[in-house]
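Have a look at the structure first, then read on.

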Amino acid sequence: MTTRPSKSLETFPNPRPGRDYEIAFECPEFTCLCPRTGQPDFATVMIRYVPDAVCVELKSLKLYLWSFRNEGHYFEQVTNQILDDLVKAVRPRSMTVIGRFNVRGGITSQIAARYPHSKSRPSAR
């Protein structure tokens with residue numbers, strides 16, 4: 001195999017840096033491992049962002065997402081890690097990463113992480 005998983009995210013110059021526009025990716029083949037059982041977890045990862053100076057290059061994004069395949073992660077942790085890494089690489093004006101994880105134990109999970117981070121906290125009831 002000529003390509004391998006990679007934690008490196010490549011970028012290219014935004015062709016319209018003076019305009020706000022949204023880029024959306026849907027990655028339906030995301031996998032990682034359950035940190036408790038070692039069993040595979042499957043998800044669709046959705047990424048939406050408004051670029052600033054640079055955009056993420058798709059092949060590097062694919063290899064980056066592939067790099068989680070043999071690693072154990074909780075859903076909340078991996079979704080936030082993807083957001084943190086992408087924000088560090090592209091410095092977007094805004095970004096949302098949603099992990100829609102397949103059923104496990106009769107429960108599906110959807111995790112949404114956003115940048116910039118919301119300062120408000122919902123009240124506990």
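## Starting at a loop

R91 counts as exposed, at 55% relative accessibility (exposed is over 50% relative accessible area, buried is under 20%, and partly exposed is in between, using a 1.4 Å probe and protein chains only). You'll find R91 in the loop between α2 and β5. Helices here are DSSP runs of H or I with at least four residues, strands are runs of E with at least two, and both are numbered from the N terminus. The backbone of R91 has phi near 45°, a positive value in a residue other than glycine.

A word on ground rules. This is a predicted model, so local features need pLDDT of at least 70 and side-chain atom pairs count only at pLDDT 80 or more, while totals for chains, interfaces and linings use all residues. Residues are numbered from 1 along each chain as its sequence is written, and side-chain values use heavy atoms, with hydrogens and water left out.

## The overall fold

Zooming out, the protein has 2 helices and 6 strands, and along the sequence they come in the order β-β-β-β-α-α-β-β. The radius of gyration is 15 Å, close to the 14 Å that the globule rule gives for 125 residues, so the protein is as compact as a globular protein of that length. That radius is taken over C-alpha atoms, and the rule is 2.2 Å times the number of residues to the power 0.38. The C-alpha trace spans about 50 × 45 × 20 Å along its principal axes.

Of the 125 residues, 36% are buried. Taking contacts (heavy atoms within 4.5 Å) with a separation of 6 or more, 67% are between residues 24 or more positions apart. The protein exposes about 8,200 Å², with carbon and sulfur atoms supplying 51% of it; the areas come from the Shrake-Rupley method with a 1.4 Å probe, and for residues only the protein chains shown count as cover.

On the charge side, there are 18 positive and 12 negative side chains, and the centres of the two sets lie 3 Å apart. Lys and Arg count as positive and Asp and Glu as negative, without His or the chain ends; each charge is placed at NZ of Lys, CZ of Arg, CG of Asp or CD of Glu.

## Rings

How many aromatic pairs does the count come to? It comes to 4, where rings of Phe, Tyr and Trp (its six-membered ring) pair if their centres lie within 6.5 Å, and planes under 30 degrees apart are stacked, over 60 edge-to-face and the rest tilted. Two of these pairs are worth a look:

| Pair | Centre distance | Plane angle | Class |
|---|---|---|---|
| Y64 and F68 | 5.2 Å | 85° | edge-to-face |
| F75 and F101 | 4.0 Å | 10° | stacked |

F75 lies in helix α2 (residues 75-90) and F101 in strand β5 (residues 94-104), so the pair ties together parts that are 26 residues apart in sequence. Relative accessible area is 8% for F75, which is buried, and 2% for F101, also buried. Y64 and F68 are buried too, and together with F30 they form one aromatic cluster.

L86 lies in helix α2 and counts as buried at 1% relative accessibility. Beyond its neighbours within four places in sequence, L86 is in contact with L9, I47, V56, L61, R91, M95 and V97.

S67 sits in the loop between α1 (58-66) and α2, yet S67 is buried, with a relative accessible area of 11%. Not counting residues up to four places away in sequence, S67 touches P5, S6 and K7.

Y21 belongs to the loop between β1 (11-13) and β2 (23-33). Is Y21 buried or partly exposed? Y21 is partly exposed, at 24% relative accessible area. Leaving aside neighbours within four places, its contacts include N14, P15, R16 and Y49. The C-alpha atoms of Y21 and T37, 16 residues apart along the chain, are separated by 41 Å.

Last, the peptide bond from Y115 to P116 is cis, with omega near 0°, and P116 lies in the segment after β6 (107-115).
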